[in-house]
Each structure stands twice: as structure tokens, then as C-alpha cells.
Amino acid sequence: MARRNMDDAIDSSTNSAPDLQILGDEVTLQPSGYVEPPAKDAEGKEEALMDKFASFRAEPLQFLREVSLYVSGQGWRAYDNVIGQPVFYPGYSENMKSMVLSAPLLRQRITELAERRVAIEEKEGSLSRDSKDYVSKRTQRLNAIEGGLQELAEKMTDDMICKLESKAFIRGAYYLVTQLLTRAYHQGIHVSSEEVLRLRKVAEVAAQKKQSIVFLPSHRSHVDYVSLQLICYRLGLTLPIVVAGDNLNIPVLGSFLQHAGAMWIRRSFGDDVLYTTLVQSYIDTLLQEGYNVECFIEGGRSRTGKLLPPKFGILSFVLDSILSGRVEDAIICPVSTQYDKVIETEGYVTELLGMPKKKENLADFLTGGSSVLSLRLGRVDVRFHEPWSLRKFVDEQLSKLPSVPTGLKTEHHRPEVRALREKILRTLGYKVLGNINDVSVVMPTALIGTVLLTLRGRGVGKQELTRRVSWLTERVQAKGGRVAHFGNAPLSEIIDRGLEVLGKDLVGVVEALAEPTYFAVDRFQLSFYRNMTIHLFIYEALVSAAMYTKVKQGGAPHMQDIGFEELKEQVSFLSSLFRGEFIFSSEGLEVNLDKTLHGLEKDNVVRLDRDSSGKIITIGLSDEERKAGRENYDFYCFLIWPFIEAAWLAAVSLMGLTPPLGQNGEVWIEQNKVHNSAQLLGKTLYHQGDLSYFEAVNKETLKNSYLRFEQDQLLHVVKSKDPKIPPRLQLDASWRPSRDSQTGALLAEGKLWDFTEKVAKSRREGKNRRDGATVSSRVLRLTDELGQKLFEETIEAERSGKSKVPTRLNNEEKEALGRSVEEARRKRKQMGVRPHL
């Protein structure tokens, strides 16, 4: 390990532990967030990983020597004596298959399925009970079915499990992947020395107890799992088994990844009971044997830059292993992976603007891999939260209950058991997301992107940009966040480096002015980096947006004040509106609102007027904030406004789902077509000046709004058992606005209109519009026209036979919908209509 002088290495301005920069053959100790300044001479210069490896063209002999060190396994490269369970040995795959296929849970399921099939054949008459040799025929048939299911299970197991067979392979793979990764991210991978040392100690104890570490990283890029594997390899930890979707199991690449640690699972299990049990048996086996596991708490990659709501697929299998008692304990380790620049952001933008996701293929991978070699994307920062016991977490959750329902281990079909499991799972998911946010590092590109997208003007000079980045850095640290790259390098160098990484396609500069002026070129893509900071300021942003309902009205300062109860009511509404977008503290509205208001008062952003007992009566902007041009208050508003715009757009688009005059309201429309129509409406409104932010047409944010509307029963979504029939939706009858009986035009009245108006109260007031008048005329007409087009196309497609998607529900779907509505009402009654702030 190359070390700098400790007195020089540790930044005196911070108590953070030093970082480790993983540079291939070296692990360099650096102060927290260190950025190497330009060297004045070659003496003592620290080089990045790509400089440590020799070039075949320049130094062929040295290049071949380095490759041989990896293949033969010299020193740490050997990957011998790892901390954890043994991997990469001949016969590993067969041993794993044998353990999975002999799992009691799987064998019991195969027997049950065989018995169920024989019972069906008996009922159909193909296996007669009146036959003389009925018993022997039944036994033969049962054995035949079990044998067939066993063969199928063996095939699925072989396709699923990872195959850690060869150390020579993993050594070569490490060398190859490190070369590729650090040519793209030319400043390497950074981790916290304190966190890594703690992780190693936890891994040592877990290995002694034969317990697994379940790594739960954030997911913004395919680089996420690569970087974590490289870290574990370099630090001598057993590589985790990475749960991966089989969409990546493409020729050549799929086999490579499977031998490097990937296990393949279907994107959807459907009603395949055998496959579901097989996955559970594999997870059980891994946890029982103490193998480390890695799965992404968000499911897919975040296209927006912020954490997505938790997906509970694989996590539910892990939790079931613990609740059932089949596994004693497992160690949970939340992981944050942050980037100067995410390699896939351009592709994300096209997807979010409505282009279908491109299917993975080898040709794109190879051409993309070659282009990666020429990129300079900065560095990757990986942070590990303090690991914790899943068993202890479950016990704590159960201890809070007045009584634990019987049958918690096995009787999943019972409503009270299922409800409790869902509650524990949901609490677990959001705890992990909170942990990830707690250890996340804010990169300089995120700081620059946030500043540029929270300005009132078109651009900003370098001096003002530096001042705002400095202010934002202080705010991030004051909120308990971590900021990267502020060790020894001057702030101006950090900003220059961030601008270089972002590139001229995202941030432009006008030179021929009194001073160089920087401006956002691609606001949509730049919003990805802004969203990396919003979780730190979400409370202040919601309070500021609630205050804006009065501030936007203008007038004398006292006329812009808002009463406490009015503020609280709007904050409650907004926090509930964004419950699927952001992660809120579990302390509740009263505590979080009180903390936020006092924090804003301390920062001289707001003024709190109190009565004689000290109770807050009114809230207004402070004199200091007004003298400062409202820049701090505006910053918080600018953070949340794009999301408010998206929620307003989604609510307005719902009004177009009101059936035209003369229809009975039984038509169901494809969900994806409704989303596309809402996005088209948003693009139109943006270009006509009725929408302030193009980011509001972000497809993921619109989908989140629609999911929230579904949960609150504004609309209903039906998913067919037939995978060829896409989800369909319909606006709830009680939320449909009225139509003019003569013209058929939508009327600006009713529950949905009131809901839309409530969202609009916190929208940014633009120069070219006034909320009420605009919405009730042009905007309402546009959404109605698009909605009627949806109805016409849906009915015509079914009538002409061009579409096989039914516009009406069958009896089975109606019954399922009724149960779903009742279940949603039950959950809402249990939860109450509590705010989420």
C-alpha cells in the first residue's frame, strides 16, 4: 500500500477518515475527498490506475509481465485465503446445484405439484379410481411427474446459479475489467478507509459464524456491481453473488458474467410456483452456507439520479429465509455508489422522453466497450453503511407489536400474516434507502448541476458559480451530508474539473463577455445530477413550496406571510403527494416540520412569529433573505418545482380520461398509452409556455404520480394473467369531472379539478400564464382532445381487430378488481391519511 505522510494526507478541516484510492496494484491512502493537484514535477506524483498498467504498444514486455502476474496469481492477485466462504474451485457449481436441488422446501414443492396434477387427472377421468391396478398406476404417474419436474428444476437451476469455478478466470477478469473501468473513470474507485476496515472486521466475524453479508447498493449504472466486485476482490473478501435480470444473459457476455458472480433470474415470475420455490431454495442455500449476496434495493437502474422506491422481489426471499427460521441470521450492508458522471445518462434521457428501452445485445456492448476507453469520467465513490443484523431488525419490529399472529413462519395465505410480512418488508426497504442516503457522497458535478438548475438567470459567472458551490457545500455538510473532492485542491480547480467531466454538451460557456458565463445546455440531462442532492433538502423544499402559495401573490412583505396551520396543511398535502418520490424520516410531520422551520429560522431564511406562549403563528421570509434577493429560498423552491410541475401535469392528464358523452364508462385503456399521452400533453404545454420545466415530462416521474393516484383510488389499474395483455386503467367514477351537456366540454369543477388546483397553488408562477384561467381554457381543452383520441383509438382498434387488448373486463378481472379496491381501502384505513414528511 502506497502511503502519503499522514500529517499531510489528512485534511485538518474535517474529521472524516481518509479515503482509499484503489489503483490496481496499489491502494493509496488519501484525505477524505482528496483530489490530486497538478504536479509541478514528476517527483512523488501519484498516478491513477491506467498509468500503473503498461501499454502493449509502448512497453510490450512490461505489459506481458503484468498480465502474467494476474493470471499466475502473484501476491494479493492470487485471491487465496479470502475472508468468507471458499469460491472459485473446480466442482463449485455441482456442489451448489446438489445443495439447491436437495433443499427440503423444493422437494416438498415438487411433491405437492405432482399430487396436484394427479388429482386433476383423476378428476378429468384420465386416471380412473375404478381400475384394478389404480394404486400402482397412480404411483407410476406420480413418479413420472415428479421426475419431469425434477429434470425441469435441474435445468432451471443450471441456468440460474453463478458458476465460480476458476481462479485463473477471475484473475484475468479482474485485470480486464479494471483496465476498462479505470480508462473510463480515470481517477479510479474511492472508498472510505474507516468503512472498509469496519467491513473487513464484520466479514471476519460473519465468516466464523457462517453468516452471509447481503450487500444492498444503490443502482444508477451497470458499473455499480462491477465496482463492488472489484473492491471485494482487491480487499480479499468473498465475492458476492450478484442477483441479475436475465435480460443481461446474452451470448458470450452472459456466460462471462455468470462465471464472475452473476446469478440469473427472470424479470417476472408470473404464476410459476416451481420457479418461485427454486429461487427461494437458492437464496436459502446461499444464506445457510454463508455466501455473500448482492442485490439492488431499487430493482432497476435509476434514470433520474435520485433513489427509487424500494422493490421487494429478492429482498422478500431473503426476509422469508429469516422469518421461516430456515436461516438464523444475515448481515445487511447498504452501499452507496456515486459517480462524477454516469456513463449511461444519454441513454436514460432518450428513455425518459418516451423512446422505448433498447434491448441489450453483444454488438452494442462491444462497440460501447471500445468507446469507453476514450472517456474521462472522473471517479467512482463507493461508501458502505455500518452493517447490521437482519435477525435483530426483525426481532425489533416484532417486539413493537401488541401480539404476533400465529403462523408467521409458514402460513403466508392468512391476511394478518401477509399484512405483517408486507409491513416488515416495507420498513426494511425504506430503512436501507435511508442508510444509503446517509453515507452517500455528493460529487462536484452534482454541486455544479444543482447550482446551474437553481438560478433565476440564464447563466452565471465563474466567481458567482464558485460562491454558490461553496455555499451549497456548506449546506450539504450542515445537513450531515458528505462532499467529495474537497481535500487539498482549491475550489476553483474542483469546479474546473467538474465542468470538464460534465462536458460542453451539458454545460456551455460564453467567452466573449465581461466574464466567462456558464449556462445549462441540456437541462434534462443535468437534472440527473441535481437529483443527487435533493434528498438532503427535501424538507426545506416542501416548506418553501408551501410558503410560495402566498409569496407568489406579491404585495407588501406582511401580505406574503402564511399562517402556521395553512402552511402545515399544504406541507402535509405535498408530502403525501410525493411519498413515492422521496424518502422521509419516520419521525412524522409534527417533528420534521418543527425541525425544518427552526433550521430555516436559524439560517435567516424565514421569520417565525410566535404568540405569548411561544407557539408559531405565522411564517414569512426574513428581512435578511429579502435583502439577499431571496436566493436561498429560491434555491429550495427550484429543487422541488420540477416535481410539482410533473404532479400537476399528471393530474391534468387524468381529466382527459373522463369518458366522452354517450359512453357508459366501461372502456379500459392501455396504461402505457395513457402515460405516452400525458407525456405528449406535457411536451405541448412546455413549448406553449404553460409548463415551466421540461424535466416535468420525465416518464419515470409521471409514472410515480400515476402510481400514487392508483394507490389513492383516483384511478384503477387491472393486470391480466395473460402476459400478452398489457395493464389497463380507468379513472374512478367518483373522480370524473362533469361535462357540458350541450358541447360535451370538460368543466372546471369536481374533486379532480380541486385536487389539480391544490397542486397548482405551489407551482412556479410563469410570465406567460396564470394558473386558474389558463388551465380552465387552453390546457383543459388540450387534455380533453388527447383523452378523446385515446378512447376513439382504443374502441376502433378492438372493433377492427387490430388490437387483441380487450376494452372491457371479464368476470374474473372484475372480481380481482373488487378485491384489489377493498384491499387498498383496508390499507389506507390502517395507515390513515397521514402525511409523509
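Biologist: How many salt bridges does the structure hold?
Modeller: This is a predicted model, so local features need pLDDT of at least 70 and side-chain atom pairs pLDDT 80 or more, while totals for chains, interfaces and linings use all residues. Residues are numbered from 1 along each chain as its sequence is written, and side-chain values use heavy atoms, without hydrogens or water. A salt bridge here is a side-chain nitrogen of Lys or Arg within 4 Å of a carboxyl oxygen of Asp or Glu. The structure's count of them comes to 47.

Biologist: Let's zoom in on one pair. Which residue does R379 meet in a salt bridge?
Modeller: Look for a side-chain contact of 2.4 Å, N to O. Both partners are buried, that is, under 20% relative accessible area, with exposed over 50% and partly exposed in between (1.4 Å probe, protein chains only). The partner of R379 is D381.

Biologist: Is R607 buried or partly exposed?
Modeller: R607 pairs up with D609 in a salt bridge, 3.0 Å from N to O. On its side of the pair, D609 has a relative accessible area of 26%, which makes D609 partly exposed. R607 has 29% relative accessibility, so R607 also counts as partly exposed.

Biologist: What about D634: which residue does D634 form a salt bridge with?
Modeller: D634 has 4% relative accessibility, so D634 counts as buried. In its salt bridge the closest N and O atoms are 3.2 Å apart, and the partner of D634 is R630.

Biologist: Some charged side chains link up in a network of salt bridges. Which residues are linked with D284?
Modeller: Here the salt bridges join up into a network. Start from D284 and you'll find it linked with D320, R326 and R421.

Biologist: How many helices and strands does the protein have?
Modeller: Both are DSSP runs, numbered from the N terminus: helices are H or I, at least four residues, and strands are E, at least two. For this protein, that gives 30 helices and 21 strands.

Biologist: What percentage of the protein's residues is buried?
Modeller: The protein has 837 residues in total. The buried share of them is 54%.

Biologist: Why do the buried residues of helix 28 line one face of the helix?
Modeller: Helix 28 covers residues 751–760, and its buried residues are L752, W753, F755, T756, V759 and A760. Look down the helix axis and take the directions from the axis to the C-beta atoms. The buried residues line one face because they fall within an arc of 160 degrees.

Biologist: Now A203. Which residues does A203 touch?
Modeller: A203 is in helix 8, residues 193–209, and at 7% relative accessibility it counts as buried. N292 is 89 residues away from A203 in sequence, yet their C-alpha atoms are 9.5 Å apart. For touching, we want contact (heavy atoms within 4.5 Å). Not counting residues up to four places away in sequence, A203 touches I83, I213 and L237.

Biologist: And where is A330 found?
Modeller: With 0% relative accessibility, A330 counts as buried. Leaving aside neighbours within four places in sequence, its contacts include S212, V214 and W388. V318 sits 12 residues from A330 in sequence and 8.6 Å away in space, C-alpha to C-alpha. A330 itself is in the loop between helix 12 (313–323) and strand 8 (331–339).

Biologist: Last one: of the contacts between residues at least 6 apart in sequence, what percentage joins residues at least 24 apart?
Modeller: Begin with the protein's contacts between residues at least 6 apart in sequence. Among those, the share joining residues at least 24 apart is 77%.
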